[in-house]
Amino acid sequence: MPVPPGTFGSTAQPPSAFENAMRQFDAAAKILNLTPNQIAVIKQPRRVTEVKLPVRMDDGRIEIFTAYRVQHNVARGPAKGGVRFHPEVTLDEVKALAFWMTYKCAVVNIPFGGGKGGVVCDPSKLSEAELERLARRYFAEMIDLFGPDRDVPAPDVGTNPQIMSWFLDAYASHKRDFLPAVVTGKPIDLGGSQGRVEATAQGIVYTIRQAATHLGLNLRGCTVAIEGFGNVGSNAAKLLEREGCRIVAVSDVSGAYHDEAGIDVSAALARVKTHGVLAGLERATKASLLSDPMELLELDVDILVPAALENRITGENAGRVRARLVAEGANGPLTTEADRILAEKGVFVIPDILCNAGGVTVSYLEWVQNKVGYYWKNERIQEDLSRMMEEAFRAILETSLQYGVDMRVAAFVVAIQRVTRASEMRGLYA
Amino acid sequence: MTESLSTAYPRSPGSLGNVMAEFDAAAAYLGLSPQEIALLKEPRLSLRLKLPVRMDDGSIHVFKAYHTVHSTTRGPSIGGVQFRPEVDLELVEALAFWSTHQCALLNMPFGGSWGAVECDPAGLSVGELERLSRQYLVELMGIVKPNNDILTADIGTNQQIMCWLMDTYSVHYRDFEPAVVLGKPTDLGGLVSGVHPAALGVDLCIRKACEHCRLKLDGARVAIQGFGKVGMNLARLLHAGGAKVVAVADITGAYVNERGIPVDKVSWHQESYGLLDGLESEVDLIKLDDPMQLFELAVDILVPAAVELQVTDENVDRVQAKIVAEVAYDPVSPGADRKLYERGTLVIPDILCNAGGVSGHYLEWVQNRMGYYWAAESIRRDVCDIVGQGFDSALKIAVEDSIPLRLAAAVLAVKRLAAVVRLRGAYG
């Protein structure tokens, strides 16, 4: 059955990270000569649930919230994916993100399918008590969908470890069983994992290590520019500095800061901790403020890590990118056009679906620890995370060389093969 | 039965007043609100059960039983089961409460519970004991589960009883489920033999205490009251670490040799005869006229590993040790505890000193869930990790805040529990 147009994402908007990914998926499916039937099976979501959540507000009123949970594919294991609390959540977006999770999990070869959830709400306008009631109602309303071996949510935009704790409590109270594996991204005190906070950044660093080896780059002494200084960007700066790299530029909403001698990363981290943003870094350290923050992307560096927003490197500026290696910390920072231009220039791109998969990989390790009831130290987590990221990188690099495609298409080729194999071996139930 | 019921696990915390007093002191120290105190203090569930059991003569005897689940906030509750004549719900609730706090102190993913059957196991036949044990578990079906509430052996219960409980559960659910009961024999998913988690835990606490007190274990003089499984294995470990065990005691008396007791020979004697009686004729040592003199010997480390209230206001001034390791429950009275603290003697509180045993239970549970069994060495390492982290974290608070280690341990446990109670919120 052909997938109807507009199944994922609205076509009225400029190409989203997801739409770009869909193009790569289609390219990969073509390389693999999948039949339309095969494509339909692995492209469409398996189960889409929409519910209305009545929640009693603090003033006594009852407000109805619209909520979704999409299980895209569960051939390889329970569905895995975050729950988003945001006013602009739409079913199309949730479906798209669930699709994305199926392939992300397959890329790093963890035994999960893909899922995603969302509640149309503005968490900043809810009191703590309202948020708690909303979170519990969300979980209770779909309690039979969730389970450690069915569907395992995690934090996403607008949700956090506290909300995961409420999910856990709602589930434990309902089932009369302490089953922390039903949700990941929990606080350490309630079965969360070591290494979770830095997981995405750490995963980026492990893939950069692999790419550097492949390109014959010695990380010690490499220059790096990092766009975005949130959880991912700031931890990537810290970890790459530890690898011996020189971080010459960082940025956030306040601007981009440049110091050829190397940004003082600990000063930048301290600044964000106390002020919330990097603003003023040019006065506190020797760094200078770039007149146009987009210049950061064009600096003469060895490694560029876009870890902020989508569509930052486009057909317009890709020609001026001077980095040898681009590691996509954010989702979709490169447009398809930029991808083509960088490929022609011989720039090596580590695609987002691989590059930022460290987060879901540590989620997987959290789930394993919860199932066993035994908790690992950070060194053990790093042992697994580095091994899994390296194995994923190598499999994709091999595929890329074998089929003569870029790393992004190769990632989808690897992932589609894995999902299709599981799906076809299992067959149809009836 | 090969194992004597009364001495199999002759230990569990005794004086309840102290348990609550320690919590209250910690709660006051942390400035918890009445609401927080209520959330932490009250048991989640308490049951009074009647267990009708068919006796060998055909009559039916009704036994009373109690079961309390104090907390499942940090994970499934874990606690011992006692079979003994003098029990009541109040005792069981206090023990469950104690278990919650010990697990939090050790940062294990467990809450606390406890159970008891009012009976005299020595007066029951094996068949009656088996039917009683099974009846007890039948009444707890739906509560006792690997992820909700887990049972361990305690006073009056043993490995055989744990096996009956595990069998009853597994047959009922048609699932092999060893993780529901801990303290099982190796053949049914218990820890590999040759590991003595309880003694290992005490040994580690003593080593860490020595480090803190700048006392070298090598050459340190030790007196141990109580020479059961834990006391004996501890003597072996301390001896291997270079310490000089100068006195040991059991119910038959106290035995001393200032130059050091041959631990191997004494252990052999205990294992052969069950008691230390007659030791003075085999080994070069003297039997003290008054066994209580053991507490007043010129030693560095004193290990009361027998019964409660041994060091009291009456004899505390004559205690010379720099470290007191509470292997028994409440061997030091609150008054004596205060005096020891004031004069700089480090008391390792029972809740910490006894951490090895429950750490071993935790590792048994993990292995049962995986169906994968570790070598003795990795269990020893994990027991030491768990106990060591608990000790270090509590000691850090004690040093930073200048408070006794006992209060610091309670503060740490209550702090961890309060944090998780806040995270989980209220269901309704």
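Modeller: Let us begin with contacts: two residues are in contact if their C-beta atoms, placed from the backbone, lie within 7 Å. This is a predicted model, so local features need pLDDT of at least 70 and side-chain atom pairs count only at pLDDT 80 or more, while totals for chains, interfaces and linings use all residues. Residues are numbered from 1 along each chain as its sequence is written, and chains are lettered from A in the order in which they are written.

Colleague: How many residues of chain B are in contact with chain A?

Modeller: On chain B there are 18, in contact with 18 residues of chain A. Helices here are DSSP runs of H or I with at least four residues, strands are runs of E with at least two, and both are numbered from the N terminus. On the side of chain B that touches chain A, α15(B) gives the largest share, five residues. That side divides into nine nonpolar, five polar and four charged residues; Ala, Val, Leu, Ile, Met, Phe, Trp, Tyr, Cys and Pro count as nonpolar, Asp, Glu, Lys and Arg as charged, and the others, Gly among them, as polar.

Colleague: Which strand does β1 of chain B pair with?

Modeller: Two strands pair if DSSP finds at least two bridges between them. Strand β1 (residues 45-54) of chain B runs antiparallel to β2 (residues 60-71) of chain B, with 10 bridges joining them. B:L47, for instance, has B:H67 as its bridge partner in β2(B). Five residues lie between the strands of this hairpin, where B:G58 takes a positive phi near 95°. β2(B) is also joined by seven bridges to the antiparallel strand β4 (residues 111-118) of chain B, where B:E118 stands opposite B:K64.

Colleague: And helices: which residues of α11 in chain B are buried?

Modeller: A residue is buried if 20 or more other C-beta atoms lie within 10 Å of its own, exposed if 12 or fewer, and partly exposed in between. An α-helix has 3.6 residues a turn, so residues three or four places apart point the same way. In helix α11 (residues 334-342) of chain B, the buried residues are B:A336, B:D337 and B:L340. Seen down the axis, they fall within an arc of 105° (taken from the directions from the helix axis to the C-beta atoms), so they line one face of α11(B).

Colleague: What covers those buried residues of α11(B)?

Modeller: The cover includes β12 (323-325), β13 (346-348) and α15 of chain B. After α11(B) comes B:G344, with a positive phi near 90°.
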